[in-house]
Amino acid sequence: MRTGLHWLATKFRTFRKSCSTSTLPENTCLKLCRFLIVDIFETKIARCILVAILLDILSIILIQTYFFVENFDINYLLTFALSYTMMLYATVAILFLPDARNNVKSTIKKIDMRDLNTETCKSAREKIRKEIFLETANLLAHIILAVVSSVLYTMPKENMEKYECFIHVWTNYFPKWKNISVLLYRIIFFPTIYVSIINPSHLIKYSLLQIKFQVYVSIHQIEEINLGYEDRPFSRLDSQFHEMVSKRLLSCIKLHLFYYGLIREIEKRTTKYLFVFKTASILLYFGLTISYFSQKGVLPITCLISLISLSIFSGATVTRSGQELENLSDDVYMSLVNVKWYHWNESNKRNYLIFLTNAMKPFKLKYSQNVSLNYKLAIELLQAFFSAISISSNLKNVGNKTQI
């Protein structure tokens, strides 16, 4: 036990040290995160495991749907609501994973990763190191929470077949294989949670962080547009100065427009994902609350709390990344406001005004008139969760009246 803890402590110190080194290798930001959310699914073993899990989930969904349609019993639906919605959510995530992964890789390839190891990028490099450490710690904490949730949910219990449809099918129709089914269920539960809840949220955040890192460098370049001429009086600012300012200013404008266009592309590519996952998330919330009211005393409260915490953690990760991107727009705008532009020539002043006008429009993943990836969306999801609690309570009362 001590040896294991010592090994973990050593690895953590090494990781922390690597995050605080004086240099950042080009194109290797968030290497651990990239491996855990993108590269790991490129292996044949991972693909085979995902296909096996998908076929297993689909078969259980079809069997349970058949029994529900045959009996059309509302209590039957309430009993397995959580298990059913979790499998639907996992199916959606696994089916969308290859396309989402390819979109992330396509987005990253379009970003011209600038060298962050130059002395002029020191302030931006410090911010990026901090972001890398926080995101890696966030992902590892998310994984640990998923492991805890998986252990709590799959711990052997006498009444598992009363709320988990996977065990219910095997227990009632293949009783000789019950022990094997429980073991299989425990094995595939964490990979399913990892793919369906952790991976989608961090895929989006990984893409947005790559843009965010480059915007940090752009902000630094905006702040240094007048670099080398700060102490010169107005009378000594020659044509060479104005030409230098024009070159730097136009470069910043082009990069700003490029990142804005890249965000629009991410928005376009992820529109269908957001709609599908938002719908699946609401269904999952319904499943969680329905199970709480219909399975009181059967489904352990620790299982529900751990799954709700995992879902909230995932939603917070996505919405926070979108909100931080919006906040970064304010940093770009304020860096422009603080630039000493009043000694520039008329041409540079016009370009500055154009840049300032463009900077007023925030970096925002906007999917409709009222839906953007920010804290407002998080509030809407929480409202949907509490609505699910209310509706589930009413459904429980309907189920009790039907029994009577």
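1. In this note, helices are DSSP runs of H or I with at least four residues, strands are DSSP runs of E with at least two, and both are numbered from the N terminus. The chain has 12 helices and 0 strands. Read from the N terminus on, its elements run α-α-α-α-α-α-α-α-α-α-α-α.

2. A word on the basis of the values. This is a predicted model, in which local features need pLDDT of at least 70 and side-chain atom pairs count only at pLDDT 80 or more, while totals for chains, interfaces and linings use all residues. Residues are numbered from 1 along each chain as its sequence is written, and side-chain values use heavy atoms, with hydrogens and water left out.

3. The chain as a whole. Of the 404 residues in the chain, 47% are buried; buried means under 20% relative accessible area, exposed means over 50%, and partly exposed lies in between (1.4 Å probe, protein chains only). The chain exposes about 21,400 Å², and carbon and sulfur atoms supply 64% of that area. Accessible areas come from the Shrake-Rupley method with a 1.4 Å probe, and for residues only the protein chains shown count as cover. A contact means heavy atoms within 4.5 Å. Among contacts in the chain with a separation of 6 or more, 85% are between residues 24 or more positions apart.

4. How helix pairs are described. Two packed helices are described by the angle between their axes and the distance between the axes. The axes are lines fitted to C-alpha atoms, for helices over the stretch in contact, and the angles run from 0 to 180 degrees between N-to-C directions. Angles under 35 degrees count as roughly parallel, over 145 as roughly antiparallel, 65 to 115 as roughly perpendicular, and the rest as oblique.

5. Helices α5 and α8. Helix α5 covers residues 81-110 and helix α8 covers residues 178-223; they pack at an angle of about 30°, with their axes 9 Å apart. The two helices are therefore roughly parallel to each other. α5 passes α8 in a left-handed crossing, meaning that the near helix is turned anticlockwise from the far one by less than a right angle (clockwise would be right-handed). Residues of α5 in this contact include Ala93, Leu97, Ala100 and Arg101, and those of α8 include Ile193, Ile197, Pro200 and Leu203. By class, the contact of α5 with α8 has 16 nonpolar, 5 polar and 1 charged residues. Here Ala, Val, Leu, Ile, Met, Phe, Trp, Tyr, Cys and Pro count as nonpolar, Asp, Glu, Lys and Arg as charged, and the others, Gly among them, as polar.

6. Pro200 within that pair. Pro200 lies in helix α8. Is Pro200 buried or exposed? At 16% relative accessibility, Pro200 counts as buried. Pro200 and Ala100 are 100 residues apart along the chain, and their C-alpha atoms are separated by 8.1 Å.

7. Helices α8 and α10. Helix α10 covers residues 301-337, and its axis and that of α8 come within 10 Å and cross at roughly 10°. That makes α8 roughly parallel to α10. The contact of α8 with α10 has 16 nonpolar, 7 polar and 6 charged residues by class.

8. Helices α10 and α11. How do the axes of α10 and α11 cross? They come within 9 Å and cross at roughly 155°. That makes α10 roughly antiparallel to α11. The crossing of α10 and α11 is left-handed. From α10 the contact is made by Ser329, Val332, Tyr333, Leu336 and Val337, and from α11 by Tyr352, Phe355, Leu356 and Ala359. By class, this contact of α10 with α11 has 8 nonpolar, 1 polar and no charged residues.

9. Gln323 and Asn374. Gln323 is in helix α10 and, at 14% relative accessibility, counts as buried. Leaving out residues up to four places away in sequence, Gln323 touches Leu373, Asn374 and Tyr375. Asn374 is in the loop between α11 (346-359) and α12 (375-403). Asn374 is also buried, with a relative accessible area of 8%. Asn374 and Lys364 are 10 residues apart in sequence and 8.4 Å apart in space, C-alpha to C-alpha.

10. Thr302. This residue lies in helix α10. Thr302 is partly exposed, with a relative accessible area of 39%. Thr302 and Ser149 are 153 residues apart in sequence, and 8.6 Å apart in space, C-alpha to C-alpha.
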